[in-house]
Amino acid sequence: MSRVKPTVNFIHAWRHPDEIADEVEAELRFHVQMRTHSNIEKGMTPDEAELAARQSFGDFDQVKVSCCEIKRGFPFDLKRLRMGMYIAIACLAGAVSLWAVNIPHHNVFSVLWQLVAIAVLMRSFLIGRKQDRPHSD
Amino acid sequence: MSKAKAGLLQGTLDMLILKALFLGPLHGYGIGQRIAQISGDELKIEEGSLYPGLYRLERRGWIESEWDVSENNQRAKFYKLTRAGRKQLIIEEQNWERLASATMKALRAS
């Protein structure tokens, strides 16, 4: 269920990029305003407070661009999708090979053959994942 | 001797954001404040870097956001932890403890 909202957000970000940019900007501006108020309470003049708030925030435009890019980023783990793709390829390969040798699909050998194909591809996926994983965190 | 504030190790910002939100929903500015508060003002987060972190966590489904009215009656985006985010926080804490204890062991080796 936790993937539903990120997927909806992803689609929304692609359909309404300007709306997303405005939303991100409003959020970042709120932060700078809050910091400015805090600086004024500490005794700075309003101009000093705003300048200090902008400096402590960093590059406003760069942060805004980064946030918009992340919002438009693909919300799924590509490694997991790759596993699904391997399984689909395995099933397809199994079906094609059964069709080629003309074995009926309800035959026990056809089921075994597909399981072997899935196992081989799953193993290659797991080996690939182990190699992708960094050695230390 | 001056008291130096600790910089953040790579990858710890996500865990700190999750921890801050574990204590209740907050807007981005509040999250920065809460992290400073729970770390006894020892951890200094570059304010702008907080937001890409928040957006990444939201994309992973670990936090979710909605617009609401802040304590000073302004519109603000509030974040809260999802169930997946709670699970992830437990995993991150365990990983962190393991890493910290292994690093201490290595440093104490004679």
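Helices here are DSSP runs of H or I at least four residues long, and strands are runs of E of at least two. On that count, chain A of this predicted model has six helices and zero strands. Read from the N terminus, the elements of chain A simply go α-α-α-α-α-α. Of its 137 residues, 13% count as buried. Looking at contacts in chain A between residues at least 6 apart in sequence, 57% link residues at least 24 apart.

Met85(A) sits in helix α5, which spans residues 78–101 of chain A. Because 13 other C-beta atoms lie within 10 Å, Met85(A) comes out as partly exposed; a residue needs 20 or more to be called buried, and 12 or fewer to be called exposed. Met85(A) is also 36 residues away in sequence from Leu121(A), and the two C-alpha atoms are 10.0 Å apart in space.

Where the two chains meet, chain A puts in 22 residues and chain B puts in 22 residues. On the chain A side, the elements giving two or more residues are α1 (4–15), α2, α3 (46–57) and α4. Helix α2(A) has the largest share of that side, with six residues. Sorted by class, the side of chain A that touches chain B has nine nonpolar, six polar and seven charged residues.

The largest nonpolar core holds 22 residues, and the members that touch the most others are Ile17(B), Ala20(B), Leu21(B), Ile31(B), Tyr51(B), Leu54(B) and Ile63(B). The largest share, six residues, belongs to α1(B).

Leaving aside residues up to four places away in sequence, Leu21(B) touches Leu26(B), Ile31(B), Ile63(B), Tyr79(B), Lys80(B) and Leu81(B). After α1(B) comes Gly24(B), with a positive phi near 140 degrees.

How do α1(B) and α4(B) pack, in angle and in distance between axes? The angle is about 125 degrees, and the axes of α1(B) and α4(B) are 10 Å apart. The angle is therefore one that makes α1(B) oblique to α4(B). The crossing of α1(B) past α4(B) is left-handed. On the α1(B) side the contact is made by Met15(B), Leu18(B), Lys19(B) and Phe22(B), and on the α4(B) side by Gly85(B), Gln88(B), Leu89(B), Glu92(B) and Trp96(B). By class, this contact of α1(B) with α4(B) has five nonpolar, two polar and two charged residues.

Helix α2(B) ties back to the other chain. Gly28(B), Tyr29(B), Gly30(B), Ile31(B), Gly32(B) and Ile35(B) are buried in α2(B). The buried residues of α2(B) pack against α2 of chain A, as well as α1, β1, α3 and β3 of chain B. Ile31(B), one of those buried residues, is also among the core members that touch the most others. Gly40(B) follows α2(B) and has a positive phi, near 65 degrees.

Methods
Residues are numbered from 1 along each chain as its sequence is written. Chains are lettered from A and ligands numbered from 1 in the order in which they are written. This is a predicted model: local features need pLDDT of at least 70, side-chain atom pairs count only at pLDDT 80 or more; totals for chains, interfaces and linings use all residues. A nonpolar core is a set of buried Ala, Val, Leu, Ile, Met, Phe, Trp, Tyr and Cys residues joined through C-beta atoms within 7 Å. Two residues are in contact if their C-beta atoms, placed from the backbone, lie within 7 Å. Ala, Val, Leu, Ile, Met, Phe, Trp, Tyr, Cys and Pro count as nonpolar, Asp, Glu, Lys and Arg as charged, and the others, Gly among them, as polar. Axes are lines fitted to C-alpha atoms, for helices over the stretch in contact, and angles run from 0 to 180 degrees between N-to-C directions. Angles under 35 degrees count as roughly parallel, over 145 as roughly antiparallel, 65 to 115 as roughly perpendicular and the rest as oblique. A crossing is left-handed if the near helix is turned anticlockwise from the far one by less than a right angle, and right-handed if clockwise.
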